[in-house]
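Here's a quick walk through one model, strand by strand and side chain by side chain. Have a look at the structure first, then read on.

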Amino acid sequence: MSTILVTGADLAPQAIALLEGHQIVYAGKTPTEDDLVALCRAHDPVAIIVRYGKVGAAVMDAAPSLRVISKHGSGTDTIDKAAAQARGIEVVAAVGANAAAVAEQALALLLACAKSVVALDARMHAGHWDKATHKSLELGGRTIGLIGLGAIGLRFARMADALGMRVIGFDPYAANLPPHVTPVDLPAIWRESDAISLHCPLTEDNRGLVNAGTLARCRRGVILVNTARGGLVDEAALLAAVRSGQVGMAGLDSFAVEPMAAGHPFQGEKNFVLSPHIGGVTGDAYVNMGVGAAKNVLQVLARQAATN
């Protein structure tokens, strides 16, 4: 019986059912590289389903039978794809499985920023009534710039369009865009957007894409939403821009280092709305991602078996 290693503590029952006939080994909620190497040496899995932790060359070399690494979700930046390619190991992702969940989280963060939801809630609980002094931002008629127009970005674009926003987007790989999305170049995103939402994968080319230089080119008071990857944002530059008012509000679900450590500069800082990378963590997405990851494993193994 071949083994499949899951870099997490569980998998949706629907996914487990698909993998019947394979032994499933769980690495736990916070596996280190050493944990994964040890498990690979002990069990020599044919497949790894990646939920948490990083899978690099050392993990791959500890599993001589490894044929496929399947992401429980859409972002594969925690997998060393060059090392996998060099070893003939396929890397696949459950693209779109969590698109609805993440797009909804982006909308929630956008609205929380524009409508001061968190700050007003705290004031109300403290016994205040700020109706005479507070004005929220109306999103209808304003421009939102999307960086990344994949499954999540396009779903979010529909939501923004429904709010009456002008939707512009940058994605060099996108084609056949719907009429409510106007494709633009990256400089236009910084120049024209009243709010910017990130929906692109993290690569070495776009790491630190949102930085002091790009933020300085934005409209003063811009809202930034990031439900993609923390590495896209220079966090020190964002903090300075929020404090100066160049960025009006930031709604963030992803961070450079996760989990966020105690004492992070964003903590306790006004004009930041924070969530712990839970955009894709819903009951429905948990099932969709697990099933997608399991199906991808089985398809790759079946295809390789057919060609051998």
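A residue counts as buried when its relative accessible area is under 20%, as exposed when it is over 50%, and as partly exposed in between, using a 1.4 Å probe and protein chains only. Helices (H or I, at least four residues) and strands (E, at least two) are DSSP runs, numbered from the N terminus.

Some ground rules. This is a predicted model, where local features need pLDDT of at least 70 and side-chain atom pairs count only at pLDDT 80 or more, while totals for chains, interfaces and linings use all residues. Residues are numbered from 1 along each chain as its sequence is written, and side-chain values use heavy atoms, with hydrogens and water left out.

**Around helix α10**

Let's start with α10, whose buried residues are E235, A237, L238, L239, A241 and V242. An α-helix has 3.6 residues a turn, so residues three or four places apart point the same way. The cover over the buried residues of α10 includes α9 (212-216), β10, β11 and β12, with contact meaning heavy atoms within 4.5 Å.

Both ends of the helix have something to look at. At its start, a side-chain oxygen of D234 comes to within 3.2 Å of the backbone nitrogen of A236. That is a polar contact: a pair of N or O atoms within 3.5 Å, where within protein one must be able to donate a hydrogen and the other to accept it, and residues adjacent in sequence count only if both atoms are side-chain atoms. Just past α10, G245 has a positive phi of about 90 degrees.

**Strand pairings**

Strands pair if DSSP finds at least two bridges between them.

| Strands | Bridges | Facing residues |
|---|---|---|
| β10 (residues 222-226) and β11 | five | V222 and V247 |
| β11 and β12 (residues 272-274) | three | A250 and F272 |
| β1 (residues 3-6) and β2 (residues 23-26) | four | L5 and V25 |

How enclosed is β11? Five of the six residues of strand β11 (residues 247-252) are buried, so the rest of the structure largely encloses this strand. The chain gets from β10 to β11 through α10 (residues 235-244), in a right-handed β-α-β crossover. Right-handed means that, with the strands pointing away from the viewer, the path from the first strand over the helix to the second runs clockwise. Another right-handed β-α-β unit is made by β1, helix α1 (residues 13-18) and β2.

**Rings, a serine and the cysteines**

Rings of Phe, Tyr and Trp (its six-membered ring) pair if their centres lie within 6.5 Å; planes under 30 degrees apart count as stacked, over 60 as edge-to-face and the rest as tilted. That gives one aromatic pair. The ring centres of F266 and F272 are 4.4 Å apart and the planes make 25 degrees, so this pair is stacked. F266 and F272 are both buried.

S70 sits in strand β4 (residues 68-71) and is buried, at 0% relative accessibility. Its side chain reaches the backbone oxygen of A293 at 2.9 Å. Beyond neighbours within four places in sequence, S70 touches I48, I49, V50, V92, A293, N296 and V297.

How many disulfides are there? With a disulfide taken as a pair of cysteine sulfur atoms within 2.5 Å, the count is zero. For C113, which is in no disulfide, the nearest cysteine sulfur is that of C218, 14 Å away. C113 is buried at 4% relative accessible area, and C40 is buried at 0%.
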